[in-house]
2 protein chains.
Amino acid sequence: MANSIPDNFRDLFQKKAFGQLATLMKDGTPQVTPVWFDFDGTHVRVNSAKGRVKDKNVRRNPQVAITVQDPDNPYRYIAVRGTVVDISESGADVHIDSLAKKYLDQDKYPFRQPGEVRVVYKIRLDNVSTMG
Amino acid sequence: MANSIPDNFRDLFQKKAFGQLATLMKDGTPQVTPVWFDFDGTHVRVNSAKGRVKDKNVRRNPQVAITVQDPDNPYRYIAVRGTVVDISESGADVHIDSLAKKYLDQDKYPFRQPGEVRVVYKIRLDNVSTMG
């Protein structure tokens, strides 16, 4: 029951590992999608676009979970339960470009849609558990 | 908004892909863990042990989600929202052995703990969405 990332699991935040983000639907039931993410030293950050299911869900209920499996050893993972404590459009375009760099080795996010408003979400780590 | 697995995504249920299972904690917040799973043609089936967090969670609240990312293309995935409609110890040992065969190519599940009671959970597909 910790609320920080153990040193021996920080490598998972550097690898091109996806996060599996759970958010809560309007009726309180969970949904899970794979997401790009990074870690700013304090918060896990994910990026979505305004109006999407994830965006609507966390604005309604900021309770989330994100789990990262080691791509090199699926029996090793870190499971975070947390709270979205900041939702911002400011810096979200720069942030998605930095994630494109991490995951695709491209300087610019290549999947941007016309009219899309990017949003960055900061997740506070309320409970961190590890396996493996 | 479908409640069955599209034919062109059935391969994800044959590959050694992990499921990312979200369950709800007592306070209604989500948690996510990677799990072995299979599909019996109607239900997604997962296997855990009596008394674990997942086991307690789904007995309290059967609303879950499970998402499966294609190991060969992370931008292709299937996201299921569902309900645990059956919880059974009967057949759970045979089932975990069959999952060991699928994921480890071993006839017997090698991680069994003394005193552990295996449980199989059948998840009804309430909503299925796909990407990629």
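The model is predicted, so local features need pLDDT of at least 70 and side-chain atom pairs count only at pLDDT 80 or more, while totals for chains, interfaces and linings use all residues. Residues are numbered from 1 along each chain as its sequence is written, and chains are lettered from A and ligands numbered from 1 in the order in which they are written.

Trainee: How many residues of chain A are in contact with chain B, and what makes it a contact?

Mentor: Two residues are in contact if their C-beta atoms, placed from the backbone, lie within 7 Å, and by that rule 21 residues of chain A are in contact with 20 residues of chain B. The largest share of the side of chain A that touches chain B comes from β5(A), with 6 residues.

Trainee: How do you know through which surface the copies meet?

Mentor: Of the interface residues of chain A, 95% are also interface residues in chain B, so the copies meet through the same surface.

Trainee: What makes β5 and β6 of chain B paired strands?

Mentor: A strand here is a DSSP run of E with at least two residues, and a helix a run of H or I with at least four, both numbered from the N terminus. Two strands pair if DSSP finds at least two bridges between them; 8 bridges join β5 (residues 63-70) to β6 (residues 73-88) of chain B, which run antiparallel, so the two strands meet the definition of a pair. Within this pairing, T67(B) stands opposite A79(B) and A65(B) opposite R81(B), and a hairpin joins β5(B) to β6(B) through 2 residues.

Trainee: Why are β2 and β3 of chain B said to stand at the edges?

Mentor: The open sheet has 7 strands in the order β2-β1-β5-β6-β7-β4-β3 (chain B), with antiparallel pairing. In chain B, β2 (30-35) and β3 (37-39) each have a single partner strand, so one side of each is left without a neighbour in the sheet.
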